[in-house]
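Please look at the structure on the screen while I describe a few of its helices and the loop that joins two of them.

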Amino acid sequence: MVNKNIEYCIRKSTKWTVATEVLGKLITPVTGAILAHVLTPEAFGIVAAILVVTSFAEMFADAGFQKYFVQHDFCDENEKKSAFTTALVTCCISAVIIWLVICLFSDRLALFLGAPEIKTGLCVAGSGILLNSFSGMQSAIFKRDFQFKLLFKLRIITVCIPIVVTIPLAVLGFDYWSLIIGMLVQQIATCVFQGIYSPLPISFMFDINLLLKMLSFSLWTLLESISIWLSTWGQFLLIGNLLSSYYLGIFRGGMTLTSAIFSLLSGSVMPVLFSALSRLQNNSDEFKDTFYNMQKVCILIMAPLGFAVFVFQDMIVGLLLGEQWHEADFLVGLLGLVGIFSITINSMVSEALRAKGLPKISTYSQVLYFPVVLLVIYFTSSMEFYYLVIGVSLCSLELDVVKMCLARKYLGFSAINICKNSAFPVFSSSIACIFAILVRSHFDNLWGVVLAGIVFLLLYIAVVSISKESRILLCGVYRKMLCLSFGDKKEES
C-alpha cells in the first residue's frame, strides 16, 4: 500500500505538471506561428545552430547534480543545504568556464556549424548556460518537495515573455537577435522567480568531500545524457550522410512531431515519478507499488494515443507539418506505436533506476543501444527509407526489452506485471484501431476521419471498461481532468 502522503503529493503534483504541459502546448505554437510569419527561416536556422552548441554545453554545466539533489536522502537539513550550495557553486563555475571556452572558440564553432555569422550570437547566447545552471538547481528544490504549482506559475511567466519581448523585437527588425534576447529574458525571469521562492539561502559554502560523493552519482547521469544526445544526433548525422538532406529532414521532422505529441504525457509524469520514487527508495514494496500504479495510468492514456497517431498519421502530418511532408506518414505512425512502450517501459524504468541510485545501469543500456541503432541505420540506408524506419523502431523495442530485464534484476520488478499492466489497454486500442481503419477505408473524406475518430474513442472506452481495474482507473483520470478544469476544491471534496 502506497504511503498516503506520497500518494496525495503524486496526485496533486501530476495535476500541476499536466496543467504546465497543456499551457505550453497551447501558447507556444501560437507565438511560434506569429514569429514564423515575422522572421525568415534563416533566423530560425541561425538560432537552431546556436542551440546545438549551448544545449550540449549545458549538459556538462549541470553534470547531473539536479537529479542527485532530487534523488538523495539527506541525513539532516544542514547536509541538504551544504549539498545544494556545493552543487550550485560547482555548476556555476563550470558554466562560466564553458561560456569562456565558447567565446574563445566562437569563430571556429561558427565555421564548423557552417554559419560564420553566428559568432557574436554564440557568445551572447552562451551566457544562458550560467543562467540555466543557477535556475536548474533552484528547480531541483521545488521538484524534490513536490512544489510543482510554483513551477506552473513560473511557466505562465516564461511562455508569455515571447509575447511581450520576442515578438515586438522581431517586428522592430531585430531578426534572430529577437529570439536570443527573448530566451535570455526567459532565463533571467526564471532565476529571479525561483530565487524569490527558494527555501534554501544562496551562499558560497563548498564541501569538497560532498562534491566527490555527489559526482559518483552525477557523472553517470551526465554520461547517460551524453549517450542519448549522441544517439539522437548520431542518427541524424548518419542519415544525412548516407541518404540525403531531404530524408534527414523527413526523419527529424517526424521524430520531432511524435516527441511533441507524447511530451504532453511524458513531461507531466516523469518529473513526478522521479520525485516520488526517490522519496520511497528505501521502501521496496511502496517503491514497486508506486511504479506499477503510475505505469497503469500512463499506459491507459498512452496506448490509445499511440494507436490514434498510427491510424490518423496522414492527417496529423498534413495538418501539423504540411502536405509536402507526407513521406513522413509511415514514420510518424510507427513511432506512435513504438512510443507507447518507449515511455511506459524505457523512460519510466530509467527514472526508477536513477531514483534507486543506480544511474550507471541505465547508462550502460543506453551506451549499448547507441552502436546498435547506428549499425541498423548503416545497413538499412541502402534499402528503401521504409526499411530504415522499421529498423530504428525495432531498435527502440529492443531497448525496451533490455530495460525491462534490468528492472527485474536490479529493482526486483516483475516483467509479468509490467506486461500485464500494458496488455489490456494495448489490446483495447488495437481493436479500436482496426475498426477505425475500416471506417476510413470506406469513407475517404473528412467526414470519414471524424467518424473514424468517434468510433476509435468510443470503442476503446467500451472495450477497456470491460476490465474493472481499467474502468476504475479511467474514471479516476476523468475526475482528475475535472479537478484540473475546476480547481482544487473539487478534488478535495
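Predicted model: local features only at pLDDT ≥ 70, side-chain atom pairs only at ≥ 80, totals over all residues.

I begin with helix α11 (residues 245-279) and helix α16 (residues 385-410), whose axes come within 12 Å and cross at roughly 40 degrees. That makes α11 oblique to α16; angles under 35 degrees count as roughly parallel, over 145 as roughly antiparallel, 65 to 115 as roughly perpendicular, and the rest as oblique. The axes are lines fitted to C-alpha atoms, for helices over the stretch in contact, and the angles run from 0 to 180 degrees between N-to-C directions. Helices are DSSP runs of H or I with at least four residues, numbered from the N terminus.

Residues are numbered from 1 along each chain as its sequence is written, and side-chain values use heavy atoms, with hydrogens and water left out.

Helix α11 contains Y247. With 24% relative accessibility, Y247 counts as partly exposed; buried means under 20% relative accessible area, exposed over 50%, and partly exposed in between, with a 1.4 Å probe and protein chains only. Between the C-alpha atoms of Y247 and A432, which are 185 residues apart along the chain, the separation is 32 Å.

A second pair is helix α12 (residues 284-311) and helix α14 (residues 329-355), which pack at an angle of about 165 degrees with their axes 8 Å apart. The two are therefore roughly antiparallel to each other.

Let us turn to helix α8 (residues 148-171). Its 24 residues, at 1.5 Å a residue, should span 34 Å, and its end C-alpha atoms are 34 Å apart, which agrees; the expected span is 1.5 Å times one less than the number of residues. Where does α8 kink? The kink, of about 30 degrees, lies at C160, shortly before the proline P162. Such a bend is the angle between axes fitted to the seven residues ending at a residue and the seven starting there.

Just after α8, G173 takes a positive phi of about 95 degrees. In the loop between α8 and α9 we also find D175, a residue other than glycine with a positive phi, near 55 degrees. Most residues other than glycine have a negative phi. D175 counts as partly exposed, at 33% relative accessibility.

Finally, in α9, the buried residues include Y176, L184 and F193.
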